[in-house]
Amino acid sequence: MDNSNPDNKFCKHCGEKIPKDAVICTSCGRQVEKLEQQSSTPQIVLNNSNYNSTAGMVGVKICDKWTSLVLCLFLGFFGAHKFYEGKTGIGILYLFTFGICGIGWFIDILSILSKPNKYYP
Ligand SMILES: [Zn+2]
């Protein structure tokens, strides 16, 4: 008479009467219902790496590419662009080494050209 119990269902594997909300058959132990996707599937949570990158830029000077390029072209031997970028130490080094014999100066022109405008030195 309890076959009509609406809280029960029958296992499709062994035919035993099992609770309606059972996912695994209480008799044969086989899966009778699709498992709900719960915490078993690891959720890919994108870390807020943007926050980190912006935090790292605090205190970093934003340089204008073209200003830096003009400074480098005309006063690069004296490290003017390095002073502009806030790299005083290298600027002084350039001042006494003529842009490290012109090689550093030449490389800097190319590197500034390859940078996007409003770059972070
Ligand atoms: Zn079963």
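Helices (H or I, at least four residues) and strands (E, at least two) are DSSP runs, numbered from the N terminus.

**Figure 1. Overall fold of the predicted model.** Five helices and two strands make up the secondary structure of the protein. Their order along the sequence is β-β-α-α-α-α-α. The protein has 121 residues, of which 14% count as buried. Among contacts with a separation of 6 or more, 32% are between residues 24 or more positions apart.

**Figure 2. Crossing of helices α2 and α5.** Helix α2 covers residues 65-75 and helix α5 covers residues 103-114. Their axes come within 10 Å and cross at roughly 165°. Because angles over 145 degrees count as roughly antiparallel, α2 is roughly antiparallel to α5. The crossing of the two helices is left-handed.

**Figure 3. Residues in the contact of α2 with α5.** On the α2 side, the contact is made by Lys65, Ser68, Leu69, Cys72 and Leu73. On the α5 side, Asp108, Ile109, Ile112 and Leu113 take part. By type, the residues of this contact divide into six nonpolar, one polar and two charged.

**Figure 4. Buried and exposed residues of α2.** Ser68, Leu71 and Cys72 are the buried residues of α2. Seen down the helix axis, they fall within an arc of 100°, so they line one face of α2. An α-helix has 3.6 residues a turn, so residues three or four places apart point the same way. The buried residues of α2 pack against α3 (80-84) and α5. Trp66 and Phe74, on the other side of α2, are exposed.

Terms used
Residues are numbered from 1 along each chain as its sequence is written. This is a predicted model: local features need pLDDT of at least 70, side-chain atom pairs count only at pLDDT 80 or more; totals for chains, interfaces and linings use all residues. Axes are lines fitted to C-alpha atoms, for helices over the stretch in contact, and angles run from 0 to 180 degrees between N-to-C directions. Angles under 35 degrees count as roughly parallel, over 145 as roughly antiparallel, 65 to 115 as roughly perpendicular and the rest as oblique. A crossing is left-handed if the near helix is turned anticlockwise from the far one by less than a right angle, and right-handed if clockwise. Two residues are in contact if their C-beta atoms, placed from the backbone, lie within 7 Å. Ala, Val, Leu, Ile, Met, Phe, Trp, Tyr, Cys and Pro count as nonpolar, Asp, Glu, Lys and Arg as charged, and the others, Gly among them, as polar. A residue is buried if 20 or more other C-beta atoms lie within 10 Å of its own, exposed if 12 or fewer, and partly exposed in between; C-beta atoms are placed from the backbone. The arc is that of the directions from the helix axis to the C-beta atoms.
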